[in-house]
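I opened a new page for this protein. My plan is to go from the whole fold to a single residue.

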Amino acid sequence: MNRAVFYATGIIASLMFGAIVIYQTGYFTQPEYYAPHEETSVLGENVTVGARIPRNLSFYFKPANRLPATGNDSLEISITFRPETNFAAPFTITGTTNNQGFVDFPGLSGGKIPNGNYTISVKGLSHLRRNYPNIFIGTKTTEMFDLVFPRLIAGDAHPSNDNFINSMDISYILLYLYNDNLRGDQNRDGIVNSLDLSITTSNLYVAGDE
Ligand SMILES: [Ca+2]
Ligand SMILES: [Ca+2]
């Protein structure tokens, strides 16, 4: 056997033997996969192991055209968190803002809303959808988002909830004329009347954000 081939064979054999030893000692074994899971594994009273920290998120939103204009901002809303910079699935929550436009959601799953940038997409009961892009949700467990501008546009009264203001919404308001129907009462002054009709016609053929 050629001397060079002899040495080369010896070196390769040594490397293979070393690799086998290292493999068997578990030196390169993979760390356990960290599977995302909900905040369920609780030890004792306050100790949570391996769980995602729940988030406490709160928001200010304001609807347009309220009467009176201040202290009258309560609205039934649906908020969808649309991820821009991570691969989480869109996540939707519903709530009702108070008369200052404030709503909070304590104990949201950190697994469903991981850190990243989001488009916060909001649809009011009789309001067009409004998207607030590029909202960063970080590592803090409690965060407040002031999204009072721009206002949520009123007039999408019909329960089809089609995010578009047209004759169906006007018909719905006419149907509940002089009632206190929440969907029909665009300015939330307690009655459906010509003021609500005029808010809706002033926004005729306006579509909400996608
Ligand atoms: Ca509509
Ligand atoms: Ca009204």
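**Fold.** I began with the order of elements along the sequence, which reads α-β-β-β-β-β-β-β-β-β-α-α. I counted three helices and nine strands.

**Confidence.** I noted that this is a predicted model, so I looked up the pLDDT next. Its mean over the protein is 85. I found that 76% of the residues reach 70 or more. Then I looked up two stretches where the pLDDT is below 50. One covers residues 19–23, and I found three contacts for this stretch beyond near neighbours in sequence. The other covers residues 25–51, with 21 contacts counted in that way.

**Burial and contacts.** The protein has 210 residues, and 24% of them count as buried. I also checked contacts between residues at least 6 apart in sequence. Of these, 61% join residues at least 24 apart.

**One residue.** I picked Lys112. Where does Lys112 sit? I found Lys112 in the loop between strand S6 (102–108) and strand S7 (116–124).

Next I asked why Lys112 counts as partly exposed. I found 18 C-beta neighbours inside 10 Å of Lys112.

Terms used
Residues are numbered from 1 along each chain as its sequence is written. Chains are lettered from A and ligands numbered from 1 in the order in which they are written. This is a predicted model: local features need pLDDT of at least 70, side-chain atom pairs count only at pLDDT 80 or more; totals for chains, interfaces and linings use all residues. pLDDT is the predictor's confidence in each residue, from 0 to 100. Two residues are in contact if their C-beta atoms, placed from the backbone, lie within 7 Å. Helices (H or I, at least four residues) and strands (E, at least two) are DSSP runs, numbered from the N terminus. A residue is buried if 20 or more other C-beta atoms lie within 10 Å of its own, exposed if 12 or fewer, and partly exposed in between; C-beta atoms are placed from the backbone.
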